[in-house]
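Take a walk through this structure with me. We start with a helix, move to a contact between domains, and end with salt bridges.

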Amino acid sequence: MKIIILGAGQVGSTVAESLVSEANDITMVDIDPQRLALLQDRLDLRTVVGNASHPSVLDNAGAHDADMVLAVTEHDETNLVACKLAATLFNTPTKIARIRSTEYSAYPEIFSTDNFCVDFAISPEQILTEYIEKLIEFPGALQVLDFASGKVSLVAVRALKGGSLVGQQLQELRKHVPNVDSRVAAIFRRDRPIIPEGGTVIEAEDEVFFIAATEDIRIVMRELRKMDKPVKHVMIAGGGRIGRRLGVALEKDYQVKIIERNHQACERLASELSDALILQGDVTDETLLEDENIAEMDMFCALTNDDENNIMSALLAKRMGAHKVIALINRGAYVDLVQSSGIDIAISPAQVTIGSLLAYVRHGDVVAVHSLRRGAAEALELVAHGDARSSHVVGRRIDEIKLPKGATIGAIVRGLSKSEGLFVINTPLEQEEVAHKSNNAVKVIIAHHDTIIESDDHVILFVVNRKMIREVEKLFQVNVGFL
């Protein structure tokens, strides 16, 4: 595909790196020539210096024959105008905009073809907030990812000594949880992938990815590790866009404290949140943390805009007794360094966000993409189409499908129609309508060797190496005769 990426920040750069590796024709646009020069030194892409909302800049970037425009600059207004120009002047087929402000996302009609012509709007801050919410809901997990409108979850956990399955073969899982169907999709041992088989033995410290119906997650987790106690007390370091959103999402169900340095930001937080306690101060102030009983915190979330502050405050909170600490880290090089330094979970915002963008770039009918292990692996939800003659997967048992080595089909959801909505950003009312439309006909099937895939099944796959993605996509494309 010929893709123009507007904005060479963290999100834009991460998306560019991923798409270039998949042999796409990428042009990057940014007002900072130094940023572009650094990208061009290490990636095979074309760069254009200029304002992304100027018609001449888009023309120079090749908008006249581009397949897609990804407007991911830091300014919502620039992204909206760029999408409108791409549609009006260049008839670009697909326009995706990064939207940060809730003022815009609260009025989805803004994105329609009669207005700014945005086909898909994504909010990285909202995606991150929901991602962290899941980690708080399941405190023993390293990642919790939803598929099939939340009916299936893929969970990564660290197998700890004392877990029922540690030291036993995977085939024992069914004996331990006879009433729950689940499947281990992959195991990473000392950062190397192990393809799970019935005789594979789980060792302490293994990173285990398992898939199950969302309602059964806790039962399976209990077999792999001693369950952490439920989270009650949460401290958030930083009251910016993500910290504020997380505070709003958590304050009704948890006891929340937010530390923010800026006085005006504290006043704004206090006016928007009714149950959370807002504290003005430095997140690395040891005295403040001690005064606010950091040792009683079940979860400490370092979510400021400064990587160093997040790392230092998380390490300090952990040393002072916080049960679990999460740090938001923008620099990719830092994430791997701090993951084993006392910080329980280091989150890369760009890696969490990228899946929402990749779902629109992948070939075939891709519903969802999640980046795993900081981009090394992926989980995909694809819809199978066609019949036994036109498809490589429909009408076939799983052990008859020629999957590349390292790709695993984890689950199938049958009877779920693909969402017809255009927007990733859903209002609570829209989410309620989607939930209301779900009915008892939807069936979650954990994949086994003799499971047969039917047309319109949502198939959830785990791929330990992103280089296999193209082969997987080809398997799910129907022959031309079917169309």
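Buried means under 20% relative accessible area, exposed means over 50%, and partly exposed lies in between (1.4 Å probe, protein chains only). Helices (H or I, at least four residues) and strands (E, at least two) are DSSP runs, numbered from the N terminus. This is a predicted model: local features need pLDDT of at least 70, side-chain atom pairs count only at pLDDT 80 or more, and totals for chains, interfaces and linings use all residues. Residues are numbered from 1 along each chain as its sequence is written, and side-chain values use heavy atoms, without hydrogens and water.

Begin with helix α14, residues 349–358. The rest of the structure largely encloses α14, because 10 of its 10 residues are buried. Among them are P349, V352, I354 and L358.

Now the domains. An automatic or database domain assignment sets the bounds. It gives domain 1 (2–122), domain 2 (233–347) and domain 3 (354–476). The contact (heavy atoms within 4.5 Å) takes 22 residues from domain 1 and 15 residues from domain 3.

How much area do domain 1 and domain 3 bury between them? About 1600 Å², with 72% of it on carbon and sulfur atoms. Buried area is the accessible area (1.4 Å probe) that two parts lose on being put together, summed over both. In domain 1, E22, F120 and I122 lose the most area to domain 3. Together they make up 31% of what that side buries. Between these two domains the count of salt bridges is zero. A salt bridge is a side-chain nitrogen of Lys or Arg within 4 Å of a carboxyl oxygen of Asp or Glu. On the side of domain 1 that touches domain 3, two or more residues each come from α1 (10–20), β4 (68–71) and β6 (120–122). Helix α1 gives the largest share, five residues.

Salt bridges do occur elsewhere: the structure holds 21. D298 and K229 form one, at 3.6 Å from N to O. D298 lies in the loop between α11 (286–291) and β15 (299–302), and K229 in the loop between α8 (217–224) and β12 (233–237), so the pair ties together parts 69 residues apart in sequence. D298 is buried at 6% relative accessible area, whereas K229 is exposed at 54%.

E286 and R319 form another, with the closest N and O atoms 3.4 Å apart. E286 sits in helix α11 and R319 in helix α12 (residues 307–319), so this pair ties together parts 33 residues apart in sequence. E286 is partly exposed at 39%, and R319 is exposed at 58%.
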